[in-house]
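Have the model open beside you as you read.

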Amino acid sequence: MTNTKKTPISADPATWSPETQLVHGGVLRSQFGETSEALFLTQGFVYNSAEQAEARFKNEDPGFQYSRFGNPTVAMFEERIRLLEGAEVARATATGMAAVTAGLLSFLKAGDHIVAARAMFGSCRYIVETLCPRFGIAMTLIDGRDIENWKAAVKPNTKAFFFETPANPTLDLVDIGAVTALAKTHGITTVVDNVFATPMLQRPLAHGADVVVYSATKHIDGQGRCLGGAVLCTEKFLTDHLQDFIRQTGPSLSPFNAWVMLKGLETLPIRVKAQSASAAFIADGLATLKGISRVIYCGRADHPQAALAKKQMTGGGQMIAFEIEGGKDAAFRLQNALKIIKISNNLGDSKSIITHPPTTTHYRIGPEARAELGITDGMLRLSVGLENEQDLLADLDAAVKAARG
Ligand SMILES: Cc1ncc(COP(=O)(O)O)c(C=O)c1O
């Protein structure tokens, strides 16, 4: 990604290219002038006087009070990701699910209605399908690929649209521009889970989204270490809803995890670029293997929504879904025969990871919901890491052969 406003370079980080923002953005240096961001592993902060403590709580004195409300290391992470997305504000959370929960439940209330694309991560679906109704929030799950379904689902009390695009694990897409335009005509807040695309390949805010949520656990850490999340939104959304929700319910990101995420952001562009290039190579390679009946990859011309992928994403990403003939047994044999690629339910790691959604991430939703989403028993999800792409394809090739017997 290049900055069009090149020379002279400005001191304003908002004008820098993403790669530069992700290295220098948001740095708060202590009195020691450290090069690398400091880890402020503290729960609280000391005031110079009782008067200063009072002023801090009245918001009359700038500074930190308590790490559940804010912390310098966490603030650096928030500012860095805020800059990258061009959001008005960002708030960090302990996990991606805390970000999804805060993004939705901070503003929804009993009597409201939420419409969500049903192709999504199992825990996200739990929030919409099980948790929301328990608190009097009605919900409608739709096939989010068709704008007509969004239109048909709107009710007078619809307050939120929620979707993942690309969705986990089917890589179904939702037209962010079309859905957010519809939302705006009805005063509906659109919340987008942008985990699969990463902020490097898709900017939902630029396409009209009101709130964007991340599992920073995935590509932002990028090396499988810490859990974390982030919510990006407007100042108004923060003041009206999110600030108090996060402060009072406490899904705060630990300073240590924030520090890991900050360093993860520095290398995010080169990792996503390399992993996406490998994923494109592997998707094409998989499609030629005997026994592989289907390959779904956002960067391939045969993705059912290839034109939309081109319109709203700047790359195919590092996630691939594919199907092996022979159902669950063949999928298990394939996984068990792999030498490099690891069996795990995580994604976005530097280590390549394979997942069998029907028996793991999407087990809880049951066979009917899986059939509706097109998650077959032979479907596998691959998160492409930083290993050599030829090694990865050779690993898959051998495992597919072994699975076919
Ligand atoms: C699309 C999506 N959203 C949210 C989450 C939740 O993230 P976390 O595990 O950090 O809570 C995940 C995790 O896999 C995910 O894939």
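Helix α12 (residues 327–337) and helix α14 (residues 389–404) pack at an angle of about 135°, with their axes 8 Å apart. This is a predicted model, in which local features need pLDDT of at least 70 and side-chain atom pairs count only at pLDDT 80 or more, while totals for chains, interfaces and linings use all residues. Residues are numbered from 1 along each chain as its sequence is written, and side-chain values use heavy atoms, leaving out hydrogens and water.

Q: Why are α12 and α14 called oblique to each other?
A: Angles under 35 degrees count as roughly parallel, over 145 as roughly antiparallel, 65 to 115 as roughly perpendicular and the rest as oblique. The angle here is about 135°, and α12 and α14 are therefore oblique.

Q: What makes the contact of α12 with α14, and how do its residues divide?
A: Contact means heavy atoms within 4.5 Å. On that basis A330, R333, L334 and A337 in α12 meet A399, V400, A402 and A403 in α14. These residues divide into seven nonpolar, no polar and one charged.

Q: Which residues line the largest cavity?
A: A cavity is a set of points on a 1 Å grid where a 1.4 Å probe fits but cannot get out, and lining residues have an atom within 4 Å of a point. By that rule S67, R68, F69, G70, V74, E78, R91, A92, I246, S252 and L253 line the largest cavity. The elements giving two or more residues to this lining are α3 (72–85) and β1 (89–93).

Technical notes: On a 1 Å grid over the protein atoms alone, a cavity is a set of points where a 1.4 Å probe fits but cannot get out, and a pocket is an open set with protein on both sides within 12 Å along at least five of seven lines; lining residues have an atom within 4 Å of a point. Helices (H or I, at least four residues) and strands (E, at least two) are DSSP runs, numbered from the N terminus. Axes are lines fitted to C-alpha atoms, for helices over the stretch in contact, and angles run from 0 to 180 degrees between N-to-C directions. Ala, Val, Leu, Ile, Met, Phe, Trp, Tyr, Cys and Pro count as nonpolar, Asp, Glu, Lys and Arg as charged, and the others, Gly among them, as polar.
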